[in-house]
Amino acid sequence: MNDKPIVALDFSTVEETKDFLQLFQDESLYVKLGMELYYQNGPEVVRWIKDLGHQIFLDLKLHDIPHTVYRAMKGLAALDIDMINVHAAGGSEMMKAAKTGIMDGTPTHAEVPKLIAVTQLTSTTEEMMHQEQLIQSSLMESVIHYAQVSKRAGLDGVVCSAWEAELIQKSTSSNFLCITPGIRPSGSVYGDQKRVATPELAKELGSSYIVVGRPITQAIDPLSAYLEIKQQWNGEK
Ligand code: C5P
């Protein structure tokens, strides 16, 4: 279990991101940076956040032919990121190529970034999966299957709900990482998240890392909210 909650930097502009990170000058964070900021600002935004001393989960969800993903990953790993992801639906050959790309791109002596799979997007319902992907199993079976394929392809873990962590680890291995969004401290607003867990519960359910966005980014005092969630996640409160 990683002691730092991953803070989702779901901001539209670098300016907003800067204003937010200004509040954390004495904290070394683990942040999740997504397509929104990366596609508009490119590798520069990654370098800038790394220079501030923060760790980065680059949430770009790659999905393409193996050769393209290999080359993309090789370039991204050179940015000294800490975690990155792909869609398991891209297949095991693509996931293996992603892993090789990461290993080939990681600077000498740097730690190889963790490679995580997205199984079924949480925006996909079972009905959509049946009708649009023509997968006739249950959504959970598909998630478990993709987790197993990802594990066999050499990935480090998957993004999932805290409620799925135990079953995924039972079906793969106890050290297969479960990166879990949908975290809400008790009493906070759920927003569009449905299957939420508190930080304490996520820990009990077997999450390896929690991803927290709005409960921190939209808080009146983001630093206090972060420290409180961190304490809860670490069982210190
Ligand atoms: O604001 P909130 O805490 O809901 O943010 C959670 C973050 O995790 C967002 O960046 C969201 O896109 C991401 N995420 C998620 N559910 C998934 C995968 C990613 O909420 N299944």
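So, start with Met 83: at 0% relative accessibility, it counts as buried, where buried means under 20% relative accessible area, exposed over 50%, and partly exposed in between, with a 1.4 Å probe and protein chains only. Quick note on provenance: this is a predicted model, where local features need pLDDT of at least 70, side-chain atom pairs count only at pLDDT 80 or more, and totals for chains, interfaces and linings use all residues. Residues are numbered from 1 along each chain as its sequence is written, and side-chain values use heavy atoms, leaving out hydrogens and water.

Met 83 belongs to strand S4, residues 83-87; strands here are DSSP E runs of at least two residues, helices are H or I runs of at least four, and both are numbered from the N terminus. What does Met 83 touch? Leaving aside residues up to four places away in sequence, its contacts include Ile 6, Tyr 30, Phe 57, Ile 116 and Tyr 209, a contact being heavy atoms within 4.5 Å.

Now the ligand. There are 13 residues around it, and the closest are Asp 10, Arg 184, Gln 193, Gly 213 and Arg 214; to be in that set, a residue needs a heavy atom within 4 Å. Strand S8 (209-212) and helix H10 (214-217) each give at least two residues to that shell.

For distances, a side-chain N or O atom of Asp 10 is 2.7 Å from a ligand oxygen. Gly 213 uses a backbone N or O atom, 2.8 Å from an oxygen of the ligand. And Thr 122 has a polar side-chain atom 3.1 Å from a ligand nitrogen.

How values were computed:
Polar contact = N/O pair within 3.5 Å; in protein donor to acceptor, adjacent residues only side chain to side chain.
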